[in-house]
Structure formats: C-alpha cells, structure tokens
Amino acid sequence: QWADEAVDVGVMPVVLGLVSVSIMGMIPVMRKVTMGTLAIGTPPPSRSRDRVSKDALDEALRKANARYLVGTIVGSALAESIAIFGFVLAVLTQDPMAYLPGWFVGGALMLIQFPTQGGLLFLLSDEERATFAEIRGT
C-alpha cells in the first residue's frame, strides 16, 4: 500500500512510453554503429576456399570479441533503460503493475541481444570464418 495518494503525473507516462519506443529503435542503430553489423543470429556458412593463419585468426577473434562485447553492452544498457523507465512510471503513478510492460520489453530485448558464438562470427570475414570452422571441425 502506498502511504500517500498519487500525484497527477500529467504527460509523464506518455513521454516515458515515447522515449522507450525511440530507444527500441536506437538499439539496432547503436549495435550497427559499434559493431558494423547487427550481429544477431548465425551467419551463413563460409564458401571461401581461402584460409588465414592461426595467428591472424586469433588476432581477428580478439578484435571481433572486443567490438561484439561493446555493442552488446551498449544494446543491453539501452534495453535496461526501458525497464528503468517502467520502474519510474510505477513509482510516479503508485501502480506496481505499470512496471511490467517495461520489464517484459527490456528483458526480451536483452534476450534477443544475448551474446552468442554466431553473433561473434558475423564480425569475421569469410576467410576467417572458414578457418574457424576448419579448426573447430564443423
């Protein structure tokens, strides 16, 4: 139970909703800016017959991993802000159920962006992916 009556929040719920929707559109843009690609899912198998050396592959994986983690962290932080806006809305309106839409949307966006090996492979060239598959035996 809330001790005091809820104050009139005016247009704040609408503003927070519009900001949340705009953040949902910013997530793919920020992933593309930080990583060069959305990197969601698994890339198609490489058809390249060229290979790179193991040292070159290690260096490419190190660089790709750094870019991939930065993009994932930025995207997850933006998704979390949607959940935080839902929490702010719940506190302002004194309605605990107002938190749920932001929580579900933020959680779903974080799950979609969850780091995977396939997402990391998107950041490698065809030759690097072919070498990686050869080393892994896939």
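Let's start with Gln 117, which sits in helix H4; helices here are DSSP runs of H or I with at least four residues, strands are runs of E with at least two, and both are numbered from the N terminus.

Which residues does Gln 117 touch, once we leave aside its neighbours within four places in sequence? They are Phe 132 and Arg 136, where contact means heavy atoms within 4.5 Å. Gln 117 and Asn 65 are 52 residues apart along the chain, and their C-alpha atoms are separated by 9.7 Å.

A quick word on what we are looking at. This is a predicted model, in which local features need pLDDT of at least 70 and side-chain atom pairs count only at pLDDT 80 or more, while totals for chains, interfaces and linings use all residues. Residues are numbered from 1 along each chain as its sequence is written, and side-chain values use heavy atoms, with hydrogens and water left out.

Now step back to the whole chain. It has five helices and zero strands, so to speak a run of α-α-α-α-α when you read along the sequence. The C-alpha atoms fill a box of roughly 70 × 25 × 20 Å along the principal axes. The radius of gyration is 21 Å, whereas a compact globule of 138 residues would have one near 14 Å. That radius is taken over C-alpha atoms, and the globule rule is 2.2 Å times the number of residues to the power 0.38.

How much of the chain is buried? Buried residues make up 30% of the 138 residues. Among contacts with a separation of 6 or more, 83% are between residues 24 or more positions apart.

Let's go inside. The largest nonpolar core has 12 residues, including Met 35, Ala 39, Leu 57, Tyr 68, Leu 120 and Phe 132. A nonpolar core is a set of buried Ala, Val, Leu, Ile, Met, Phe, Trp, Tyr and Cys residues joined through side-chain atoms within 4.5 Å. Which helix gives the most to this core? That is H2, with five residues, and H2 and H4 each supply at least two. Apart from this core lies another, of six residues, among them Ile 27, Leu 78, Ala 79 and Ile 82. As general background, in soluble globular proteins nonpolar side chains tend to be buried together.

Met 35 is in contact with Arg 67, Tyr 68, Gly 71 and Leu 123, leaving aside neighbours within four places in sequence. Ala 39 lies in the loop between H1 and H2 and counts as buried, at 3% relative accessibility. Ala 39 also has a positive phi of about 55° although it is not a glycine. Gln 94 likewise is not a glycine and has a positive phi of about 55°; Gln 94 lies in the loop between H2 and helix H3 (99–112).

Next, Ser 20 in helix H1, residues 12–35. Ser 20 is buried, with a relative accessible area of 12%. Not counting residues up to four places away in sequence, Ser 20 touches Ile 82 and Phe 85.

Over in helix H2, residues 54–93, we find Gly 75. What is the relative accessible area of Gly 75? It is 0%, so Gly 75 is buried. Leaving aside neighbours within four places in sequence, Gly 75 is in contact with Ile 27 and Gln 113. Gly 75 and Met 110 are 35 residues apart in sequence and 7.7 Å apart in space, C-alpha to C-alpha.

Finally, helix H5, residues 126–136, where Glu 128, Arg 129, Ala 130, Thr 131 and Phe 132 are buried. What covers these buried residues of H5? The cover includes H2 and helix H4 (117–121). That brings us back to Gln 117 in H4, with its contact to Phe 132. Just after H5, Gly 137 takes a positive phi of about 80°.

Note on methods. Buried < 20%, exposed > 50% of the residue type's maximum accessible area, 1.4 Å probe, protein only.
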